Amino acid sequence: MVPLTWYLVVATGLFCIGLVGALIRRNAVGILMGIELMLNAVNLNLLAFWRYISAAKMDGQAFAIIVITVAAAEAAVGLALILAVYRQRHTINVPELDLMSG
Amino acid sequence: MDYFRDFFVNIARSWTGWIDGFLPGWAVNTLNFLIMAVILVMMPVLATLSFTWMERKTIARIQNRLGPNRLGPFGVFQGFADAVKMLVKEDVVPDGADKPVFNLAPILIAAGAALLWAVIPFGRGMAAADLNIGVLYVVAIGSITTVSVLMAGWSSNNKYALLGAFRAVAQLLSYEVPMILSIAAVTLLVGSMRMGDVVEAQVLPFIVIMPATFLVYLLSGIAETGRTPFDLLEAESEIVAGYFVEYSGLKFGWFYIAEYGNLFAIAAITTTLFLGGWRGPGGSAVPALGPFYFIAKIVAVIFVLMWIRGTWPRFRIDQMLDLAWKVLVPVSLVNLLWIAIAMKLPVPAPVQWALILAGSLGVLLVTLGALGRAAKRHARQQGWVPLESQGNT
Amino acid sequence: MQQVIFIMLSLLTLGAALMVVTSRSLFRSALWLILSFAGIAALYILLEAEFLAVVQVLVYIGAIATLIIFAIMLSRNVMASDEARFNNQWRLVVGFGALLFVALAAIVTQIPWPVNVQAVPPDAIQQLGAGFVGPYVIPFEVASILLVAALIGAIIVARERE
């Protein structure tokens with residue numbers, strides 16, 4: 001069987017890639033994709049811990065399902081916001097949405 | 001004689017026993033999985049060859065024509081001729097197309113159609129992989145179709161293809177909701193998501209116990225496969241051919257194969273979930289009859305789908321989305337709630353079934369009544385005159 | 001054998017994730033995202049969480065990724081300007097990300113996790129379902145309220161006002 005730390009390292013890598021993506025992308029949809037990658041990394045961690053530490057109980061899986069639900073809600077509202085912004089400003093590049101910075 | 005009673009399972013066992021004699025264990029497994037994979041990949045192709053012929057003949061009879069009648073007896077080899085024609089056509093990639101995505105989309109959509117077959121039980125113990133999440137797997141594989149439709153529509157660099165892809169997302173996502181809700185009703189009644197368990201639980205086919213759920217599933221199934229009257233993704237009079245307008249030759253052939261593979265798969269899942277799968281008279285004594293009952297039921301379901309196609313014209317896109325969100329979703333939600341309540345009542349199972357049936361029929365009557373009233377009101381507002389009072393002149 | 005499969009799957013997942021972040025075209029990014037999600041679903045199967053794997057495909061690929069592609073298509077002319085996909089802090093952020101990865105990886109490999117590998121119960125899905133109407137009923141209900149709120153909110157925000 002694969003050691004637990006392998007899964008943790010992969011999840012860490014995924015999380016860092018997602019974080020970098022969320023921070024460097026100019027496009028709002030790109031930022032959202034980075035956030036989805038980070039949530040996936042969290043889920044991978046949860047399930048790895050579930051499998052290797054408490055496989056007899058279903059806590060880890062239940063937690064992961066709640067995370068997926070939150071991710072779905074976040075994607076729906078986030079994309080609705082992006083569409084609303086696009087309709088008003090005709091751009092979804094975040095650095096150009098600087099109405100407040102004068 | 002006993003060997004033939006469960007012929008298909010026994011022949012598989014004999015085969016495994018035979019190759020087990022001279023091959024190591026892992027090779028036996030790998031070889032068996034390879035054979036199953038080849039069979040699964042062949043399924044959509046076979047379905048396309050046989051059901052295009054059946055469809056053209058059926059639609060022709062409905063429209064008072066003859067249909068294909070040149071190649072072979074009753075034109076049964078027309079499908080092969082069409083396949084050859086498709087193979088020799090020029091392969092065109094449009095200017096400005098996103099080439100890798102454009103080439104990947106038909107492969108993915110055909111793979112999705114083939115993957116569906118892995119969990120379908122043709123008889124007792126005759127599924128390639130009887131997963132314990134089989135029913136959910138079917139819905140999940142459907143999302144591959146959505147993604148490949150989007151890929152085809154976007155990468156073609158064509159406005160009609162893009163419009164088709166937009167419509168596809170709206171339609172496939174909307175109809176996934178009532179589909180999952182009606183599958184949830186079946187899962188609730190069976191207590192398992194394994195396809196084999198669903199069939200074993202159907203002492204009485206579920207279509208008798210919950211006709212409303214069956215109708216909702218069938219309608220969303222037609223929408224998911226994108227057939228008339230829900231073929232707005234490829235409405236030729238509005239957006240030419242939708243997302244695959246730019247495809248030709250073999251790549252177009254893959255879309256065609258995926259369409260018929262999906263049709264066959266939806267019919268097979270309907271049969272498994274609602275029509276008792278492989279069960280039939282004498283099926284428990286002679287399990288080898290199972291696949292024949294199964295195929296017969298599938299052909300019956302497909303005939304009904306073709307009949308629907310020959311009878312009704314295409315919806316408008318807003319009507320189609322209205323049907324999903326304002327009719328099918330509420331109906332299946334009420335139905336699911338009622339089934340959950342009936343399952344918890346402290347009465348024997350037959351009484352529960354009777355209660356579920358009564359609720360199902362009640363929901364159907366109320367829905368049809370409301371729809372009929374809405375149609376009449378609409379006709380009055382538009383000032384339409386009923387056909388009978390128009391006179392003959 | 002499992003190690004080989006694991007390494008292949010994680011390389012696929014991480015490579016696809018890198019392409020999500022660096023791809024020039026946003027649509028390609030979304031497709032790489034789908035591949036990454038599929039790789040994670042395969043890792044879930046390796047962890048013997050089949051239900052979660054199917055839910056991953058259904059929700060992430062079938063719903064979230066499709067919605068993302070939909071949003072990309074609706075904001076189409078943004079696609080034309082593909083020369084500047086990163087903001088001007090990208091060098092700093094990449095350095096910071098690499099540092100964070102090294103630090104976190106060092107930490108997770110050093111901690112002695114209380115590993116206790118047990119067999120997954122055969123009725124895992126039934127237990128999960130019973131759990132959601134038993135001990136986890138409040139998180140479950142909160143999640144469903146969140147979903148309804150998100151549904152209504154998304155419709156109101158994205159609606160076109162005449």
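Chain C has 6 helices and 0 strands (DSSP runs numbered from the N terminus, H or I of at least four residues for helices, E of at least two for strands). The model is predicted: local features need pLDDT of at least 70 and side-chain atom pairs pLDDT 80 or more, while totals for chains, interfaces and linings use all residues. Residues are numbered from 1 along each chain as its sequence is written, with chains lettered from A and ligands numbered from 1 in the order in which they are written.

**Chain C**
- The radius of gyration of chain C, taken over C-alpha atoms, is 20 Å, well over the 15 Å given for 162 residues by the globule rule, so the chain is more spread out than a compact globule (the rule is 2.2 Å times the number of residues to the power 0.38).
- Its C-alpha trace spans about 55 × 45 × 25 Å along the principal axes.
- Buried residues make up 32% of the 162 in chain C (buried: 20 or more other C-beta atoms within 10 Å of the residue's own, with C-beta atoms placed from the backbone).

**Helix 6 of chain B**
- This helix covers residues 134–155, and 21 of its 22 residues are buried, so it is largely enclosed by the rest of the structure.
- Asn157(B), with a positive phi near 55°, follows helix 6 of chain B.

**Nonpolar core**
- The largest nonpolar core has 179 residues (buried Ala, Val, Leu, Ile, Met, Phe, Trp, Tyr and Cys joined through C-beta atoms within 7 Å).
- Helix 3 (residues 50–74) of chain C supplies the largest share of this core, 17 residues.

Notes: Buried ≥ 20, exposed ≤ 12 C-beta atoms within 10 Å, placed from the backbone. Expected span 1.5 Å × (residues − 1).
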